[in-house]
Amino acid sequence: MNDTIREKVRCLIIGSGPAGYTAAIYASRANLSPVLYEGIQPGGQLTTTTEVENFPGYPEGVDGNQLMEDLKKQATRFGADIRAGIATKADLSSAPYKITIDEEKVIETESLIISTGATAKYLGLADEQKYAGMGVSACATCDGFFYRKKVVAVVGGGDTACEEALYLASLAKQVYLIVRKSYLRASKVMQERVMKAANIQILFEHSAIGLFGDNGVEGAHLVKHKGQADEEKVDLAIDGFFLAIGHKPNSDIFKPWIETDEVGYIKTVPGTPKTKIPGVFAAGDVADPHYRQAITAAGSGCAAAIEAERYLSEIGK
Ligand code: NDP
């Protein structure tokens, strides 16, 4: 281990979504000389969407990639050191905390902001990639607006799927909820709302196995499970295909040290980005099972940087 490259910093930020970049803007303006590692998907989840119309300050909307590029530029302008690299290991047993980058370099940091985000789960169909940004989405609040008066399908039977279906039902002409089992897993109240919506049709015991369309999504290939080894193929004409089968918070390397809920969301002191470890903060979707919006992530990134600044000044570092 002697030849491992080591570097000491005051504030390390992991992740480059709205939470990470906002933390970097605030931390650099507070003279914390933050170092930010961008992670697997530089720019985060917003780079997988097209137009962002609900981020305050952009009356005409903004391209997701452009928004993240702008946040990055803003952080760089104040001196944030933004680097490519993935955090592959964490040792939070005592300060300074040690984060291994790309399995070869160890950063020792006095304060740590974890903003590694969450990844929407996909079914794993090749067509999901083929039609990415052309009718496939995992975020109704981001992309639903483009399906006004159109026909869409939502896959999933939990609270998220019901919420997404209800949101889309307020915009779209028709929403199909594709549920693999014969019942919904969602809470009773959400189930009732979905059942009551005139333009939501639930397709129980159906699974999507592919998508088709020459110019973006024009339909989905489904199978209806009629019993073991007995299936019927059905084609459903739709304009948009929304996944709502859960998110996976990117918290795996921190789990030995930090409390998470059963899904993996990092638990913070309510209303703050503080974890139980002094100087370690969690911001954005990795710690947010409830809202998962770019603007709420940015807000918590700001709070994390302010807390990091207070912590460093308290310990005199
Ligand atoms: P859940 O894990 O609760 O539900 C996932 C759903 O997706 C299930 O119906 C599951 O089916 C289905 N699913 C999973 N994988 C596949 C697959 N490969 N093919 C087809 N269907 C699949 O996730 P949610 O994101 O809905 O919710 C996460 C947590 O957040 C829950 O605790 C929920 O209550 C909470 N939440 C609360 C909200 C609220 O209170 N307003 C809003 C949103 C979330 P199956 O049932 O067959 O396993």
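Predicted model: local features only at pLDDT ≥ 70, side-chain atom pairs only at ≥ 80, totals over all residues.
Residues are numbered from 1 along each chain as its sequence is written, and side-chain values use heavy atoms, with hydrogens and water left out.

The ligand is surrounded by residues that include Gly158, Asp159, Arg180 and Ile245, where being near means having a heavy atom within 4 Å. Turning to polar contacts, that is, pairs of N or O atoms within 3.5 Å, an oxygen atom of the ligand lies 2.6 Å from an N or O atom in the side chain of Asp159, and for the side chain of Arg180 the corresponding distance from a ligand oxygen is 2.8 Å. Taken alone, the ligand exposes 910 Å², of which the protein buries 68%, with areas from the Shrake-Rupley method and a 1.4 Å probe.

Now the sheet, with strands taken as DSSP runs of E of at least two residues, paired if DSSP finds at least two bridges between them. The open sheet has 5 strands in the order β10-β17-β11-β12-β13, with parallel pairing. Because β10 (136-137) and β13 (200-203) stand at the edges with a single partner strand each, one side of each has no neighbour in the sheet. Strands β11 (residues 151-155) and β12 (residues 174-178) run parallel and are joined by 5 bridges.

How values were computed. Polar contact = N/O pair within 3.5 Å; in protein donor to acceptor, adjacent residues only side chain to side chain. Helix = DSSP H or I, 4+ residues; strand = E, 2+ residues; numbered from the N terminus.
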